[in-house]
Amino acid sequence: MTEALRHQCEAIKRAYPDADSALIPILHALQDAYGSITPEAVEDAAQLMNLSPAQVEGVTSFYTLFHRQPHGRFHLQVCDNLSCRLRGSDQLLAHLAERWHLEPGAPSRDGLFSLERVECLAACGYAPAAQINLRYYYRLTPEKADRLLAELEDGKEASGERV
Amino acid sequence: MSECRVLLANADVEGIERLPVYEAHGGYRTLRKGLTEMTAADVAKEVLDSGLRGRGGAGFPTGRKWSFLPNDGRPRILVCNADEGEPGTFKDHYLIHRLPHLLLEGMILSAYAIGAGRAFIYLRGEFLQGYELLEAAMAEAHEAGYLGEHILGTDYSLDLCLYRGAGAYICGEETALLDSLEGKRGIPRMKPPFPATAGLYGLPTVVNNVETLAAVVPIVAEGAQWYRTMGTEKSPGTKIYSMSGCLERPGNYEFPMGTPLSELIEAAGGLLPGRRFKAVVPGGASAAYLTGDHIDIAMDYDSLAAAGTMLGSGGVIVLDDSVCIVSFTERAIEFFRHESCGKCSPCREGTLWMSQVLGRLERGEGSEADLDLLLDLTDNIAGRTFCAFGDAAVAMVASSVRMFRDEYLEHFAQQGCPLEKERVG
């Protein structure tokens, strides 16, 4: 762990009245720094929080946003729950597989894009909904997805949309 | 009938997420009124008298929930539940993105009312944009003296912490949320003790939903009697209905409680062209189906409960005649299987079993005995789990078998999904 990262994590601990509450925020910070929950990230969190690595593993495995495999630079989370499915999330996923060779859960082929099918993102009225690096995109038709991914390929950032 | 915007009155104002614009539209005037002209007990009484019921799903009267805090001198905590994830529900997402200061104002008033010096906002992990918006709003509120030490020059101080979870539907259950906020796996606790006596860090705690806390602002501003002029006797006020599914203009619509379902559907632009109404899930994926017989049902807690379903979080999913009930129900149970925390056997094993049975029914490989098996499973899950998740997981399944038995039978007759066959041709 770099000094800067340690400082960041110590600051997170101080931000909560009871330091136990810092574990999940610290795991977010470590995952952002390492790209995934690596064995090193687990060790770091355990040491920072004075927990056993097994306790940290127990927490990381419970929550879907903590992941063991690195994601692409742009990680797509496409909602496939009830309302999104009614409005074409299956067509969107089929299109992403066909046109962009993106399969849910598969390792990123180019390091640029990766895809995950996720449960409800609380954006059902703007279906099909997705997030890219946790930024919302609404009413994501295959055509809109093509434009968006092409822009990201060209170096644009995923800044999300306003609801 | 047009919308009745109380919470969402200023939702479309450009820049309302910034403090100067929010203030220009009356923002934080109610906080000033509450803190300088009213005692904490006055604010709490106004909320109790308003009859406001919790908007997270359970519909428990908010003022009564507050009244359960013991008077034992221990520090009290207010937690805002912003772990919105009930399929079909997207009102808290909207409120946080559009009106972050309304949530803050409601939280500060509520914390003052219950005597909490510390408060938390628990956002679901996916709400990163919401986190950033609230972080910015909190910084503005601090700067302006609405948050922190000696708010508006009074003796009241509030330390507010923002917190992001990491992806788990069950953390919307208030005791699972508290465990998650303590850095643990989010697994529901045994109740009692209830959070009011032993909540976060074992301290007296109130957990309220985003929409509930936002509603405290107009209640304190205009008074309980005014609030009761809207809605019904037992479900007063307005509700933000999240309208989604097979509709022309899905979105959030605020109406008085008890507005007929047909009016909500009309407000959301009606059905898609050429389609017929088939069913509705009136309160998120945890609610039982209703069919066309109930198209004019009053959308409030009691009317929906009387019809065997619930208002829940107000997530209204409308299905038209292009939707296969078996496939739709299978998708719902797949969600519950994925999200079961695994603590109780009936829920952990039952959701898996139901998803297997529904899978083979959708493929046309099941038998009529499977329908009895499904009902038997739902009977053995409902009421037999630690938390309300088990009841939630069976509602759509049990009602689908009761209301759409013919559609299941059609799957056996055709050895597959009739609507799927029609689509594929």
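**Exercise 1.** Find how many residue pairs are in polar contact between chain A and chain B, and describe the interface around them.

Solution. Step one is the count: between chain A and chain B there are 27 residue pairs in polar contact, both residues having pLDDT 80 or more, where a polar contact is a pair of N or O atoms within 3.5 Å; within protein, one must be able to donate a hydrogen and the other to accept it, and residues adjacent in sequence count only if both atoms are side-chain atoms. Step two is to ask which elements take part: α2 (23–34), α4 (53–62), α5, β2 (113–118) and β4 (135–137) of chain A each supply at least two residues of the side that touches chain B, with helices (H or I, at least four residues) and strands (E, at least two) taken as DSSP runs, numbered from the N terminus.

This is a predicted model, in which local features need pLDDT of at least 70 and side-chain atom pairs count only at pLDDT 80 or more, while totals for chains, interfaces and linings use all residues. Residues are numbered from 1 along each chain as its sequence is written, chains are lettered from A and ligands numbered from 1 in the order in which they are written, and side-chain values use heavy atoms, with hydrogens and water left out.

Step four is the contact total, in which 47 residues of chain A are in contact (heavy atoms within 4.5 Å) with 63 residues of chain B.

**Exercise 2.** Decide whether A:Asp80 is buried or exposed, and name its partners.

Solution. First locate A:Asp80 in the loop between β1 (74–79) and α5 (82–86) of chain A. Its relative accessibility is 2%, and therefore A:Asp80 counts as buried, since buried means under 20% relative accessible area, exposed over 50%, and partly exposed in between (1.4 Å probe, protein chains only). Then look at its partners: the side chains of A:Asp80 and A:Ser89 are joined by a polar contact of 3.1 Å, and, leaving aside neighbours within four places in sequence, the residues in contact with A:Asp80 include A:Arg117 and, from the other chain, B:Arg331.
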